[in-house]
Amino acid sequence: MPAQAAVRRVAVVGATGSIGASALDVIARHPGRLEASVLAAGSRVEALVSLCRKHRPRHAVIADAARYAALRDGLREAGLDDIEAHAGDDALQELVAGDACDTVVAAIVGAAGLPSTLAAARAGKRLLLANKESLVLAGELLTAAAHEAGADIVPIDSEHNAIFQCLGAGSREPGAGSRDLRRIVLTASGGPFRGWTRERLRGVTPAQAVKHPKWSMGPKISVDSATLMNKGLEVIEAHHLFRLPGERIDVLVHPQSLVHSLVEFVDGSTLAQLGLPDMRTALAVGLGWPERIESGVAGLDLLAHGRLDFEAPDPEAFPCLRLAYQALAAGGTAPAIVNAANEVAVSSFLQGRIAFLGIPALVEDCLAAVAGGAAGSIDALLAADAAARDHANQRIAAGALA
Ligand code: NDP
Ligand code: MG
């Protein structure tokens, strides 16, 4: 009889979010093989306790240190005394780097995810990376840290997971040389406003922008999909994961969201990965790799779907994609500036403080106005991130983008 494989102990960081829910769904399908040993959230204690009740981790972490007592008491009241409560960013970093887990699902939204993602990479964990902003902000440092510590990064973003699969998961790791690749093509759904003119986009409300036609996701990435900034961030993400220059990363709008991305090799072969738009597939690839495991996602019935359409993105209506390519070409801290400006812009848009078209306007303004520099250290990157946030907040306070 083959030896029983060790149980993979998984830290789900951002457990209360959309990716967190999908990861926990897949983990729960494989008792004896996968265990959610650490669950971490930002500030929503009740949601975290309720996940603890269901998934029985060994550790629960709330990043907001002020919520420690609430978490401890919540676990006690739920009769979950055997789950250890922790709070604060340092505790989170220690847990993802320590013995409590061998695999980390990095699913915090935004640059806030960088410290724990980096801690997991430095500790040599298998890193299931959904938190694309950490790659945009500090891609070189993060991939170098993972390489040095022997951490395997499995991209969870569906496009990058598709490319990871097309490159031959198991025989080739992401970033392991691109000699035989001609280019990669990231597909984009086009978001809820595909085909809209710039004029029509003026009156877009937050409620319209978070209603994605194909994917069910958290509010920030939903707005990013609506502006196409999500695809821009993904171009930068792909650059770091697969070591390709921007000129060899193309974007194609594919409204059905069934082809998740394509890889073109030098011999003219194009490989694509297809499947229903459900993040559990990508998470199962990461959790099971190099084996394939059940994800709960049905197979693809192409006959029922009928057709696959492709079109070019509209740079006039959706300038964020161009701005991301521009930042990638500029290099250094420019992607960090774009990412930070976009985070401030999206959050202000969701609060009704700026208009939808204020998002690209603010990103463009920050990219031009905030001085860029070399991205040699985390400190330099965080300083650029802070400078961009300051500048963006000043512009919003001045009422320039309402
Ligand atoms: P959600 O908004 O649904 O969830 C965000 C999670 O992050 C929540 O658990 C939240 O906790 C936690 N969080 C927020 N701020 C902090 C913080 N400062 N410290 C610790 N935890 C924090 O986001 P998504 O799940 O949609 O997205 C997560 C990441 O995955 C993003 O980077 C996104 O771009 C990427 N991604 C998502 C996809 C999707 O289908 N959703 C697809 C591809 C990529 P709390 O609930 O307590 O606030
Ligand atoms: Mg994606």
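Student: Across which strands does α1 lie, and how is α1 placed relative to β2?
Tutor: In this predicted model, α1 lies across β1 (8-13), β2 (34-41) and β5, running at about 160° to β2. Contact here means heavy atoms within 4.5 Å. The angle is taken between N-to-C directions on a scale from 0 to 180 degrees, with axes fitted to C-alpha atoms, for helices over the stretch in contact. Helices (H or I, at least four residues) and strands (E, at least two) are DSSP runs, numbered from the N terminus.

Student: What makes β5 and β6 a pair?
Tutor: Two strands pair if DSSP finds at least two bridges between them. Strand β5 (residues 103-106) and strand β6 (residues 126-129) have 4 bridges in the parallel sense, so they meet that criterion. Within this pair, Thr103 stands opposite Arg126 of β6. Helix α5 (residues 114-122) lies across β1, β5 and β6, at about 150° to β6.

Student: Why are β4 and β7 called edge strands?
Tutor: The open sheet of 7 strands has the order β4-β3-β2-β1-β5-β6-β7, with parallel pairing. β4 (84-87) and β7 (153-155) each have a single partner strand, so one side of each lacks a neighbour in the sheet. Neighbouring strands of this sheet are turned by 20° against each other on average, direction ignored.

Student: How is the pairing of the sheet of 4 strands described, and which strands form its edges?
Tutor: The order of this open sheet is β9-β8-β10-β11, and the pairing is mixed. Its edge strands, β9 (249-253) and β11 (270-274), each pair on one side only. Strand β8 (residues 181-188) runs parallel to β9, joined by 5 bridges. Thr187 has Leu252 of β9 as its bridge partner. Helix α11 (residues 229-242) lies across β8 and β9, at about 150° to β8.

Student: How do you know that Arg44 makes a polar contact with ligand 1?
Tutor: A polar contact is a pair of N or O atoms within 3.5 Å; within protein, one must be able to donate a hydrogen and the other to accept it, and residues adjacent in sequence count only if both atoms are side-chain atoms. A polar side-chain atom of Arg44 lies 2.7 Å from an oxygen atom of ligand 1, so the pair qualifies. For a polar backbone atom of Gly218, the distance to an oxygen atom of the ligand is 2.8 Å.

Methods. Residues numbered from 1 in each chain as written. Chains lettered and ligands numbered in written order. Predicted model: local features only at pLDDT ≥ 70, side-chain atom pairs only at ≥ 80, totals over all residues. Heavy atoms only, no water.
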